[in-house]
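Notebook open, structure loaded. I'm jotting down what I look up as I go.

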Amino acid sequence: MGRIALRVFRQITAVLLLGALPGFSHAAPRPFEPRAELLGEARIRVRIAEAIPMATLRGFDLRIGTHTQDAASEWEFRCQDDRIRALQVGGTRTLELASPVTIETPAGFLQFRGRPYREELRIHSVGSLCEVINVVRLEKYLKGLVNTEFSSRWNEEAIAAQVIAARTYAMYQMRQAMGSHFDVDATVRDQVYDGSIKEDSRASRSVEKTRGVVLTVGPAQAPVPLKAFYHSTCGGRTELPERVWGAPVAGFRRAVPCPYCAHSPVMSWTLELKGEVIRDSLLKGARAEEKAPTGWPGDWLTALKSGRLTGLRIGKMESGGRVAELLTSWSIPRKGGAPKTVELPVPAARFRDWIGPGRFRSTSFQLGPSGRTLAGGGGRSWQFRGRGNGHGVGMCQYGAKTMGERGHKAMAILKHYYPDAIPRKLW
Ligand SMILES: [Zn+2]
């Protein structure tokens, strides 16, 4: 493709990909300017704090809304309905502002919770609590992300693959966030981000080297960013989104074998859970759902509230070796009669979520010695022996690390874990 043709192609792709992208414009939406160079300036809105009674920010020559301050100052922000009150710490100034409030500094960095954030912070009032959003250029955001989501000490090609996946995931969320006041959370819900505190030169170099490269899906004339999921360690084979979340996601048609993560420090795990812990987690999880899982009888609540877990076994398996469903048996005591047994099948992905994905690390597991009776009347416990860490969808981070060390290029790593996506350089 010639230079001009390439530029035109990039502009067209850019328009298709971003449309009226929130966060791309500075604050209020403005007419979209379909220039690929401008896409590189697209800003992402990262929610860095939620439901806090008060936010304290610090910086030089702050601009708070339309008010400007001289020299260094520290401000406390308190939220109530659509109003925000700002009080200068150690000073006398008070500002009454409408939500959201934008805080910027010519110095480039703002301090919040002891960490530096680039460009702009916004305070949103939600009820009587505050949310803090960092509005920052996507490429700068990625530089901060490298050492929180992975590590700049990894092989350069592995980092490049990671950066492209992270950029793609962020772009996908930016397109989805229409009507919301933020695009991504700074937690494991999206991508872990601590501002620019962990930026280093290797991280910056990787982001710059892959500038504008995004994984796309869909027809060539109308590509969209892939929802580029990734996870720590797949355990030997990646997984399809529909098997984890119950619905397919565009661009994920194939799960792939991964012979690369065997040396991950989180390759294997063992967890022993008491019957009561399983019961409490299922009760809490199922109650939080809109409707009970498929196959649960009408008396499931009684079973979980007053029953005792008497059996737990693997029901269905996925073709890739993960557990699809666990079968749990509950014994409900009955006055003057034999206890009633109730069977509750639980999809393994939901079981993992309900127990806690940090503890119950994957759905690739076997049962250890089951139904062990604990000493001292502690009831019974069940042991799980698993492989891998994370949901298993998309790129396996430790697998990507090993591929990089073995000489695979970033594009080959991405092709392996996202075989149905096409990388495009958009800016
Ligand atoms: Zn793997």
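I started with the rings: Tyr 169, Phe 229, Trp 245, Phe 252 and Tyr 418 are linked by ring pairs into a cluster. For pairing I took rings of Phe, Tyr and Trp (its six-membered ring) with centres within 6.5 Å; planes under 30 degrees apart are stacked, over 60 edge-to-face, and the rest tilted.

Housekeeping before I go on: this is a predicted model, with local features needing pLDDT of at least 70 and side-chain atom pairs counting only at pLDDT 80 or more, while totals for chains, interfaces and linings use all residues. I number residues from 1 along each chain as its sequence is written, and side-chain values use heavy atoms, with hydrogens and water left out.

**Rings**

I searched the whole structure and got 17 aromatic pairs. One of them is Phe 252 with Tyr 418, edge-to-face at 6.2 Å centre to centre and 65 degrees between the planes. Phe 252 is in the loop between helix H6 (241-245) and strand E15 (268-274), and Tyr 418 in the loop between helix H11 (410-417) and strand E23 (422-425), so this pair ties together parts 166 residues apart in sequence. My helices (H or I, at least four residues) and strands (E, at least two) are DSSP runs, numbered from the N terminus.

Buried or exposed? Phe 252 counts as buried at 7% relative accessibility, and Tyr 418 counts as buried at 1%. Cut-offs: buried is under 20% relative accessible area, exposed over 50%, partly exposed in between (1.4 Å probe, protein chains only).

I also noted Phe 351 and Phe 360, an edge-to-face pair at 5.3 Å centre to centre and 75 degrees between the planes. Both Phe 351 and Phe 360 are buried.

Which residue lies over the face of Trp 154? I found Lys 401 there, 5.8 Å from the ring centre. The test wants NZ of Lys or CZ of Arg within 6 Å of the ring centre and within 35 degrees of the ring normal.

**Helix H5**

Next I checked H5 (residues 201-209), where Ala 203, Ser 204, Ser 206 and Val 207 are buried. Seen down the axis, the buried residues of H5 fall within an arc of 160 degrees, so they line one face of the helix; the arc is that of the directions from the helix axis to the C-beta atoms. Ser 201 and Lys 209 are exposed, on the face of H5 turned away from its buried side. The buried residues pack against helix H3 (138-149) and helix H4 (156-176), with contact meaning heavy atoms within 4.5 Å.

**Ser 281**

I placed Ser 281 in helix H7 (residues 275-288), and Ser 281 is buried, with a relative accessible area of 12%. Its side chain reaches the backbone oxygen of Val 277 at 2.9 Å. Leaving aside neighbours within four places in sequence, Ser 281 is in contact with Trp 354 and Ile 355.

Most residues other than glycine have a negative phi, and most peptide bonds are trans. I logged the exceptions. The peptide bond from Ser 99 to Pro 100 is cis, omega near -5 degrees, and Pro 100 sits in the loop between strand E7 (94-98) and strand E8 (101-112). Ala 51 has a positive phi, near 50 degrees; it lies in strand E1 (residues 43-52) and is partly exposed at 49%. Glu 119 has a positive phi of about 70 degrees, belongs to strand E9 (residues 115-126) and is buried at 15%.

Methods: Polar contact = N/O pair within 3.5 Å; in protein donor to acceptor, adjacent residues only side chain to side chain.
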